[in-house]
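Me: I have a structure to go through with you. Can we take it piece by piece?

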Amino acid sequence: WWLLKKKNAMFYTGFGRGDFGRFLMASNLLTVHDTAEAREVDNHISDVLAYIKSIKPPRYPHKIDGALAEQGRVLFNSNCSKCHGEKDDEYPNLLIPASLIKTDSLLYTSNYQNPEMINWFNKSWFAMGDHPARLEPFRGYIAPPLDGVWITAPYLHNGSVPTIEAVLNSKIRPKYWSRDFNAPKYDYDKLGWVYTTVDKPGGTTVYNTELVGYGNYGHYFGDKLTDEERKAVIEYLKGL
């Protein structure tokens, strides 16, 4: 939620444009009983949005190696900031084409499956007035700001990668993996969930990257870094 203040579009696909409060209202309509109740909620939705925009990312709770983080900052600004933005600087709000990001396509392609719904929304109450919203499908994904990224595992838009270490090194991404949901443990060095690699898919607690929409491929930009460079970038990301 703390990322919303920087973004000019909602959702991983950048699908939601205009007033974010209208999208909150669209979800809220699933819970109200009539127009009177919906109107009451709408009168307060700007307050809800203001609260969301006031949320700040949590601080990394352990010691950060300052010298290593500085090396990581230089590497990040040279390799990552064009899409994700620099710390305390303006966030670029870039939509990255599928041909470049190469991640699983199911989410963005699903936005094209029901054009009649998009047309309805863009002509409805949600798109009217002095703070309208609209739906704009795009073949690709938004490059998110990385404030507090250390605590937002799992990664990529479909949660297919358990750690930032694996985001930056596609060769170590597990095909089938699971984590302990009863006693979850976080890896504060690799930045992500402590997970177990399993030999085959099965059950509801094993993430199977071979399923449609669950692919862990793409975002290969970190592969060109050395192991030491990746460690430095991870150290820098701890402080965002």
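**Loops, core and a buried arginine**

Reply: Lys102 is found in the loop between α5 (98-101) and α6 (106-110); helices (H or I, at least four residues) and strands (E, at least two) are DSSP runs, numbered from the N terminus. This is a predicted model, where local features need pLDDT of at least 70, side-chain atom pairs count only at pLDDT 80 or more, and totals for chains, interfaces and linings use all residues. Residues are numbered from 1 along each chain as its sequence is written, and side-chain values use heavy atoms, with hydrogens and water left out.

Me: What is the phi of Lys102 near?

Reply: Phi of Lys102 is near 65°, a positive value in a residue other than glycine. Most residues other than glycine have a negative phi.

Me: Is Lys102 buried or partly exposed?

Reply: Lys102 is partly exposed, at a relative accessible area of 44%. Buried means under 20% relative accessible area, exposed over 50%, and partly exposed in between (1.4 Å probe, protein chains only).

Me: And Asn93, where is that?

Reply: Asn93 sits in the loop between α4 (81-84) and β3 (95-97). Its phi is positive, about 55°, although Asn93 is not a glycine. Asn93 counts as buried, at 16% relative accessibility.

Me: New topic. Which residues touch the most other members of the largest nonpolar core?

Reply: Tyr155, Ile164, Leu191 and Leu237 do, in a core of 25 residues. A nonpolar core is a set of buried Ala, Val, Leu, Ile, Met, Phe, Trp, Tyr and Cys residues joined through side-chain atoms within 4.5 Å.

Me: Which helices supply at least two residues each?

Reply: α3 (66-79), α8 (164-167) and α9 (227-237). The largest share of this core, five residues, is from α9.

Me: What is Leu237 in contact with, leaving aside neighbours within four places in sequence?

Reply: Phe76, Leu146, Val149, Trp150, Ile164 and Leu191; contact means heavy atoms within 4.5 Å.

Me: Now Arg173. Where is its place?

Reply: In the loop between α8 and β6 (176-178). Arg173 is buried yet has no salt bridge, and Asp223, the nearest side chain of opposite charge, is 5.4 Å away. A salt bridge is a side-chain nitrogen of Lys or Arg within 4 Å of a carboxyl oxygen of Asp or Glu. For charge, Lys and Arg count as positive and Asp and Glu as negative; His and the chain ends are not counted.

Me: Which backbone oxygen lies 2.9 Å from a polar atom of the Arg173 side chain?

Reply: That of Gly218. The backbone oxygen of His219 lies 3.1 Å from a polar atom of the Arg173 side chain.

Notes: A polar contact is a pair of N or O atoms within 3.5 Å; within protein, one must be able to donate a hydrogen and the other to accept it, and residues adjacent in sequence count only if both atoms are side-chain atoms.
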